Structure formats: structure tokens, C-alpha cells
Amino acid sequence: MSTATSEGYQHLHTLLQQLHDAEYLLSHGPKRIALAEKKVAAAGQDCEAQKAAIKDLKKSADQRNLDLKTSEAEIEKLNGQLNLAKTNKEYDIIRGGIETQQASSAELEDQILEILGDVDEAEAELSQKEGAQSELEENLASIKQEVAAKEPGLLEEVDRLNGEIKEAEKIIRGGDAVSAWKRLRLAQGPSALARVEDGYCSECNTQVTPQDSVRLNLAEFVLCRSCGRILYHVSEE
Ligand SMILES: [Zn+2]
């Protein structure tokens, strides 16, 4: 293979790899943004769930407060009846009722205190979750900024590389060769071409036949008999 031809293929191969890298970086940006957006949304849902849990706790504290008021009113009513008791038996029954009601009030008070403690805890947890959410939002904003800053340069690079590939691919001539190249490029991208190193295809490690080696030396268009890639010799320095 003449030096010019092997350098031409090598150059085309390098350009394909550079294009692949640039296109990867270009598509990677939106993926990073989508992932960061997903995290922000999940954190938002987490906060909403926490707020709902706090609301439920407060509701149950409110309900117990109402029950406590009812219980206290009942105690007051029973205390009034106590003074009007006509017999000792009646007095004892009312007294018993008051004691039962007092026990139930005390229990409600305990429950209310416990729930209020839970509310404090849940609110502290909420503020942690909100902090995490705003951190994720900041992260998303900086990723967006970074991606937007890199995009024009990458687009320009992709354009430039596509232009250079158009020039470089002129090394491939002949209808069959050109259509094989087009098909391979579409299917394999940057590994449409494979170097021959010490007589072996660098992509699939199959030994190149002596006939193919001769053809390569004559700068012919040769496909690897095993993996089907376009073969080229690395030019000697
Ligand atoms: Zn091969």
C-alpha cells in the first residue's frame, strides 16, 4: 500500500473517531440534563409527600384537641352534677365518671404532645428535603449552562469533521467500494475501518490472507474476510 493511500485511510479513520467522540459529547449533554431534571422532580415529589404527612399529623392533633375540649366540658358538667348529688351512691357514680373522663383527657394530652413532637421532627426532615431539592435545582442549572456553553463548539466541530470526511473519503473509488463504505459507515461508525497490524485485522484479530496482503500493497480496496471492515496498512514512519 502506497504511503499516500495508507495515510489517507488512516486519516479517514481518525476523522471518523473524532466525529464519533464529538457526536457522543453532543448527545451526552441533553442526557445529563434529562437525568438532572429527573432527580429534581423526584426530590419535589419527596417534599410534597412530606408536606402531606405533616398535614395528616396536624389534622390528627387537631382532632385530639377537639376530643380533649369535649372531654373537659364533660368533666365540668359532671363536676356541676356532683354538687347536686342526692345520695352517696349517686355521688360515687358521678365521681367515677369524672375519674374516667380525667384519665381519657390525660391520655389525649399525651397523644397530642407526642404528635406535636412528630410534627417537629417531620418539619425538620422537610427542610432537609427542601435543601436537597434546591441543591439539585442548582446542579441542574449549572449542567444546563455547561451544556449550552459547549454546544456551539461541538456543533461546529461536527460540521468541520463531516466536511473533512467528505474530502477524505474520496480515497475510496469505484461503485462497489463506495457502496460498501457507505453501508459500513452507517452500520459501524468509527469502526468501519480496521488497521492491519503485523498481518492481522486490528478489530477481529483475523490473519489477512497473502492475496489480500498483496492487494493492500497495491492500494486496492480490501475488506476483512472475517469482520467485513475496510482494511488498511498503517503507514511506516
Ligand atoms: Zn476483521
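Colleague: At what angle do helix H1 and helix H2 pack?

Modeller: Axes are lines fitted to C-alpha atoms, for helices over the stretch in contact, and angles run from 0 to 180 degrees between N-to-C directions. Here H1 (residues 3-83) and H2 (residues 88-168) pack at about 165°, their axes 5 Å apart. H1 is therefore roughly antiparallel to H2, a term for angles over 145 degrees. Helices are DSSP runs (H or I, at least four residues) and strands likewise (E, at least two), numbered from the N terminus.

Colleague: What sources and limits apply?

Modeller: This is a predicted model, in which local features need pLDDT of at least 70, side-chain atom pairs count only at pLDDT 80 or more, and totals for chains, interfaces and linings use all residues. Residues are numbered from 1 along each chain as its sequence is written, and side-chain values use heavy atoms, without hydrogens and water.

Colleague: Where in the chain is confidence lowest, and where highest?

Modeller: pLDDT is the predictor's confidence in each residue, from 0 to 100. The chain averages 95, and 98% of the residues score at least 70. Confidence is lowest in helix H4 (residues 210-217), at a mean of 92, and highest in H2, at 97.

Colleague: How many aromatic pairs does a search of the whole structure find?

Modeller: Rings of Phe, Tyr and Trp (its six-membered ring) pair if their centres lie within 6.5 Å; planes under 30 degrees apart count as stacked, over 60 as edge-to-face and the rest as tilted. The search finds one pair. The ring centres of Tyr9 and Tyr232 are 6.3 Å apart and their planes lie at 15°, so the pair is stacked. Because Tyr9 belongs to helix H1 and Tyr232 to strand E3 (residues 230-233), the pair ties together parts 223 residues apart in sequence.

Conventions:
Parallel < 35°, antiparallel > 145°, perpendicular 65-115°, else oblique.
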